[in-house]
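Subject: Structure for you to look at

Hello,

Here is the structure I said I would pass on. Please open it and keep it beside this message while you read the notes below.

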Amino acid sequence: MALRFDENDMKALEKIRERYPNNTACTLPFLHYAQDRFGYVSDDVIKLVAETLNLPVAHVLNVATFYTMFNKKPVGKYHLQVCTNISCSLLGARRLVDKLEEILGIKPGETTDDGMFTITEVECLGSCGTAPVIQVNETYFENLDEKKVEDLIESLRKGELDV
Amino acid sequence: MSEIVLFKHLIDPEVRNIENYIKLGGYEGLKKALSMNPDEIIEEVKRSNLRGRGGAGFPTGLKWSFMPKGEGQKYFVCNADEGEPGTFKDRYIMSENPHQLVEGMVIGGYAIGASVGYIYIRGEFEFVAKTVQKAIDEAYNQGFLGKNILDSGFDFDLYIHLGAGAYICGEETGLINSLEGKTGKPRLKPPFPAQYGVFGKPTTVNNVETIACVPDIIRRGADWFLTIGPDKNNGTKIFAVSGHVNNPGVFELPMGTPLREIIYEHAGGIIGGKKLKAVIPGGSSAPVLGPEHLDIPMDFDSLKKVGSMLGSGAIVVMSEDTCIVEAFTRLARFYAHESCGQCTPCREGTPWMYKIMKRIEDGNGKKGDVDLLLDICKNIMGRTICPLGDAAVLCIKGAIERFRDEFEYHIEHKKCMVDNKIPIF
Ligand SMILES: Cc1cc2nc3c(=O)[nH]c(=O)nc-3n(C[C@H](O)[C@H](O)[C@H](O)COP(=O)(O)O)c2cc1C
Ligand code: SF4
Ligand code: FES
């Protein structure tokens with residue numbers, strides 16, 4: 001299925017374009033926009049961004065694969081990004097990962113069969129003073145422990161949290 | 001209470017709104033700046049001894065003076081990538097007192113002759129970027145941004161650019177490439193950004209905290225700034241304390257505040273009354289220190305004297321329950337993951353160091369592994385395009401030199417010498 005940006009998208013993208021002196025500079029913001037819009041950065045999304053910006057597909061693909069925030073595979077409805085860098089690890093980030101594995105039955109890098117959850121181990125999220133931290137989609141959940149992780153998953157399952 | 005320069009939300013929690021910021025003297029610095037000529041501003045910043053808060057401590061006024069004079073497009077870029085493990089300070093300037101950053105951007109832009117500024121914020125901080133964008137919108141509405149600012153004839157536009165998850169984009173030339181829409185691979189210097197920066201134009205890159213110091217330096221004068229902190233290390237510093245402390249968080253204190261006071265008074269001491277084993281004083285790339293260093297004044301020059309660095313001012317505290325081998329193996333993995341792959345010593349050396357450290361940690365270390373690690377360090381140091389390779393070395397070599405016995409114990413006994421540790425792997 002060929003993807004396309006609709007009229008509203010194009011308006012938003014033109015606004016972004018005004019901030020930069022050339023099209024290449026729009027690669028990251030357009031990819032961010034497209035990921036929000038289409039869920040992940042598929043080959044079709046890469047082609048679409050390249051076409052819209054009149055840039056080589058190879059350039060957009062290269063950029064999309066360099067940055068960890070662009071998901072080249074579909075991720076679950078809730079993307080659980082657990083920081084396991086130093087400050088979070090000193091306060092038990094590993095136990096949070098173990099807990100998530102136990103509750104969800106998947107390992108980091110995997111998505112549950114129902115498409116609800118993906119676990120990813122990430123590097124420092126700049127939230128070390130409120131460690132350990134999990135970023136769910138765009139939202140940070142800070143000062144976590146195993147019990148709070150259980151509650152978090154429970155709330156996400158019930159659709160109680162807007163993330 | 002000590003002088004507050006940056007954390008004005010501790011005076012007025014609503015200072016993120018422009019009216020509140022103005023009540024505390026906000027945008028007075030800009031008004032004064034616009035009545036001065038650009039060189040006078042650079043001179044004042046030089047005289048204040050302001051040094052870069054992003055890691056290297058380079059004198060800010062001097063950096064600004066490298067920009068070519070005269071007409072032509074130039075850029076002022078703010079580094080808000082905040083990726084150095086342990087660092088979480090710029091985030092709070094942006095979410096709590098964003099106008100001070102915006103005001104600093106306009107003053108800096110005027111001083112170096114830039115008409116466009118970008119704030120490069122790490123992508124994960126989208127929620128922080130929203131607050132900054134609101135401040136930018138408010139500043140446009142009040143005529144502090146845009147065309148002919150306060151009838152001075154000076155034009156300045158300010159935009160936010162979101163990163164997308166890559167530590168290397170915090171390095172200023174990696175950041176410049178990323179801003180141009182490319183992969184964030186650092187550039188060879190020279191040419192320096194002041195000659196050939198973003199979009200091929202003269203560019204200055206400064207850290208959030210550095211830029212946020214500028215409005216008050218201009219408004220209150222360099223002499224006032226010089227009254228805070230030790231000579232050549234003036235001003236306040238935001239210390240971000242994490243790890244095994246009772247009260248982790250960010251504390252704005254005069255430069256030169258003793259490490260002991262920061263850890264035991266402001267951060268509430270070690271969890272469970274445990275003993276301090278190790279402390280990283282300036283983000284993961286700053287060589288680790290021990291309890292004997294607690295009386296060190298936390299400033300650029302004092303930390304350099306003991307072979308470490310102030311870096312980003314991020315203090316990571318490790319109690320006696322920490323396995324140093326395990327903790328630094330995790331950091332080795334970080335550097336291996338973040339190497340951009342351009343230089344052979346860094347691309348090959350960082351994963352190799354991680355591999356060796358992991359096998360030591362797992363109880364499979366071989367005799368000679370420690371010397372092998374030091375040898376790899378020697379082959380990376382100073383042989384790469386950007387300082388990430390060096391940073392990995394400073395981090396790992398620092399740990400090995402200070403805690404060599406723990407590494408050797410792991411190899412000899414095939415196990416850890418610390419009980420009760422919280423597992424990292
Ligand atoms: C690997 C690496 C990562 C860096 N990350 C950051 C960062 O996240 N934020 C920052 O301000 N500076 C970072 N720096 C330092 C910048 O390259 C640059 O020195 C700094 O932005 C200059 O600003 P300052 O003079 O105001 O400190 C990093 C440097 C390296 C080598
Ligand atoms: S030192 Fe490492 S991160 Fe820096 S340019 Fe070379 S390979 Fe890339
Ligand atoms: S180490 Fe986890 S947020 Fe910094």
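Helix 7 of chain B is followed by B:Gly143, and the phi of this glycine is positive, near 80°. Keep in mind that this is a predicted model.

The helix itself covers residues 126-141 of chain B. At 1.5 Å a residue, its 16 residues should span 22 Å, and the C-alpha atoms at its ends are 23 Å apart, so the two values agree.

Which residues of helix 7 of chain B are buried? They are B:Val128, B:Ala129, B:Val132, B:Ala135, B:Ile136 and B:Ala139. Looking down the axis of the helix, these buried residues fall within an arc of 120°, which means that they line one face of helix 7 of chain B. The face turned away from that buried side carries B:Lys130, B:Asp137 and B:Asn141, which are exposed.

The buried residues of helix 7 have several packing partners in chain B. Three are helices: helix 1 (18-23), helix 5 (90-96) and helix 6 (98-112). The others are strand 2 (116-121) and strand 3 (157-162).

Now to chain A. Two packed helices are described by the angle between their axes and the distance between the axes. For helix 2 (residues 27-38) and helix 4 (residues 57-66) of chain A, the axes come within 11 Å and cross at roughly 70°. An angle of 65 to 115 degrees counts as roughly perpendicular, and helix 2 and helix 4 of chain A are therefore roughly perpendicular to each other. Helix 2 of chain A contributes A:Thr27, A:Leu28 and A:Leu31 to the contact, while helix 4 of chain A contributes A:Val60, A:Val63 and A:Ala64. By class, the residues of this contact are 5 nonpolar, 1 polar and no charged.

The two chains also touch each other. How many residues does each chain give to the contact? Chain A gives 33 residues and chain B gives 48 residues. On the side of chain A that touches chain B, the elements giving two or more residues are helix 2, helix 4 and helix 5 (86-90) of chain A. That side of chain A has 16 nonpolar, 13 polar and 4 charged residues.

Last, a single residue. B:Pro345 lies in helix 14 (residues 344-361) of chain B. Is B:Pro345 buried or partly exposed? B:Pro345 is partly exposed, because 18 other C-beta atoms lie within 10 Å, and a buried residue needs 20 or more. Leaving aside neighbours within four places in sequence, B:Pro345 is in contact with B:Asn379, B:Ile380, B:Arg383, B:Thr384 and B:Gly389.

Regards

Conventions:
Residues numbered from 1 in each chain as written. Chains lettered and ligands numbered in written order. Predicted model: local features only at pLDDT ≥ 70, side-chain atom pairs only at ≥ 80, totals over all residues. Helix = DSSP H or I, 4+ residues; strand = E, 2+ residues; numbered from the N terminus. Expected span 1.5 Å × (residues − 1). Buried ≥ 20, exposed ≤ 12 C-beta atoms within 10 Å, placed from the backbone. Arc of directions from axis to C-beta. Contact = placed C-beta atoms within 7 Å. Axes fitted to C-alpha atoms, helices over the stretch in contact; angles between N-to-C directions. Parallel < 35°, antiparallel > 145°, perpendicular 65-115°, else oblique. Nonpolar A, V, L, I, M, F, W, Y, C, P; charged D, E, K, R; others polar.
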